[in-house]
Amino acid sequence: MRLHRALTALLCAVAALLLSGCGTHVAGRGASATATGPIPWTLTAPSRIAAARIGADHRTVSIDAQVPSGEHPCVRNLKAVDTDAEYGTVPGTVHVQISFTSPSLDPRSGCVGETTATARVRLPKPLGDRELVVDNDTVFTADGAKPPALRMCGRLGCHPPAAGCTPASYDQALIAAGAPMHAYRDAEHCDGRWLVLDFSWRTGPACDSGDENPACSSRLGDRWFFRAERSGWKPVFETAAGGCAAVRRRVPRFPTALCAELPPLSATLHPSYPPPSAPPTAGGSPAATATTR
């Protein structure tokens, strides 16, 4: 009888282990969202272009790009191609496209980091004074660069406007002040060395030009003061107040001729948000409490 009970217990234990193993397989790996099969290599482009250099022949360009990295190989067939022959040339520019294949789009690849890799291309003729456009949105120029490096250009191009009383210069000032995209200038007061710029941006829905919905004219605004420097207009102060008092406390040299007639910005353009009142206390209202302090 004892032997029968022992055998029965052993068989039950073995059965439990088998069922447990099957259960683990079904509920674990079988229900996992992880894909099976080989990891695909996909044609893709760098996340960022970091730098470019021109060779001694003035035709060979080396381009540093950010590409995926991981424990295992993450990049194959890295190459830079001059695309002007295929898509047509644009006067004053050379267009280059960088591509490679990578398994980084599949999380199983482990390609979760980034590293710098260099691709090279030989242009049909010397770069000269033409601009190098990489992947359509990163631009380099040899002008003003220390060879072999090429200089990366900014949002205002390779030759941004100098500080001055010009529309292009005002656009540079908006960028320097961090104005929202699609902001437009409301007023400029400029003497070539100092600038006051009022600007605003719409905050309502996208509307047709003839739409009379009040929400279509909703907007916010700001006012910045600038000083001219070699790199362009540099923001020095921001305020919604009128006149000169606020700006001259911060920048005493700011000319009164540019600020004396400034009206304060409308509260609808530049609203203020005071801190909320303190909650009532057991001893009375916030106002009464504040008075007794």
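**Disulfides, a sheet and some rings**

Let's start with cysteine 165, which at 39% relative accessibility counts as partly exposed. That label comes from a simple scale: buried is under 20% relative accessible area, exposed is over 50%, and partly exposed is in between, computed with a 1.4 Å probe on protein chains only. Before going on, note that this is a predicted model, in which local features need pLDDT of at least 70 and side-chain atom pairs count only at pLDDT 80 or more, while totals for chains, interfaces and linings use all residues. Residues are numbered from 1 along each chain as its sequence is written, and side-chain values use heavy atoms, leaving out hydrogens and water.

Cysteine 190 is partly exposed as well, with a relative accessible area of 22%. Cysteine 165 and cysteine 190 are joined by a disulfide, S to S 2.0 Å, where a disulfide is a pair of cysteine sulfur atoms within 2.5 Å. The torsion about their S-S bond is about -80 degrees, so this disulfide is left-handed. It links distant parts of the chain: cysteine 165 sits in the loop between β9 (151–152) and α3, cysteine 190 in strand β10, and the two are 25 residues apart. The helix and strand labels here are DSSP runs numbered from the N terminus, with helices being H or I of at least four residues and strands E of at least two.

How many disulfides does the sulfur rule give? The count comes to four. Another of them joins cysteine 74 to cysteine 111, with S to S at 2.0 Å. Its S-S torsion is about -95 degrees, so this one is left-handed.

Cysteine 244 is buried at 13% relative accessibility, and cysteine 259 is buried at 0%.

Now back to β10 and its sheet. Strands of a sheet pair through backbone hydrogen bonds, either parallel or antiparallel. Four strands make an open sheet in the order β10-β11-β12-β13, with antiparallel pairing; two strands count as paired if DSSP finds at least two bridges between them. β10 and β13 are the edge strands, each pairing on one side only. From one strand to the next, the twist averages 30 degrees, with axes taken as lines fitted to C-alpha atoms (for helices over the stretch in contact) and angles running from 0 to 180 degrees between N-to-C directions. Between β10 and β11 there are six bridges, and alanine 187 has aspartate 198 of β11 as its bridge partner.

What packs against this sheet? Helix α3 (residues 167–176) has Ser169, Tyr170, Gln172, Ala173 and Leu174 as its buried residues. They pack against β10 (184–190), β11 (194–202), β12 and β13 (232–238), with contact meaning heavy atoms within 4.5 Å. Just after α3, glycine 178 takes a positive phi of about 70 degrees.

On to the rings. The whole structure holds four aromatic pairs. The rule: rings of Phe, Tyr and Trp (its six-membered ring) pair if their centres lie within 6.5 Å, and planes under 30 degrees apart are stacked, over 60 edge-to-face, and the rest tilted. Phenylalanine 199 and tryptophan 201 have ring centres 5.9 Å apart and planes at 35 degrees, so they are tilted. Phenylalanine 199 is buried at 2% relative accessibility, and tryptophan 201 is buried at 18%. Phenylalanine 225 and phenylalanine 254 are edge-to-face, 5.2 Å centre to centre with 80 degrees between the planes. Phenylalanine 225 lies in strand β12 (residues 219–229) and phenylalanine 254 in the loop between α4 (245–250) and α5 (256–259), so the pair ties together parts 29 residues apart in sequence. Both phenylalanine 225 and phenylalanine 254 are buried. Zooming out, ring pairs link Trp194, Phe225, Phe237 and Phe254 into a cluster.
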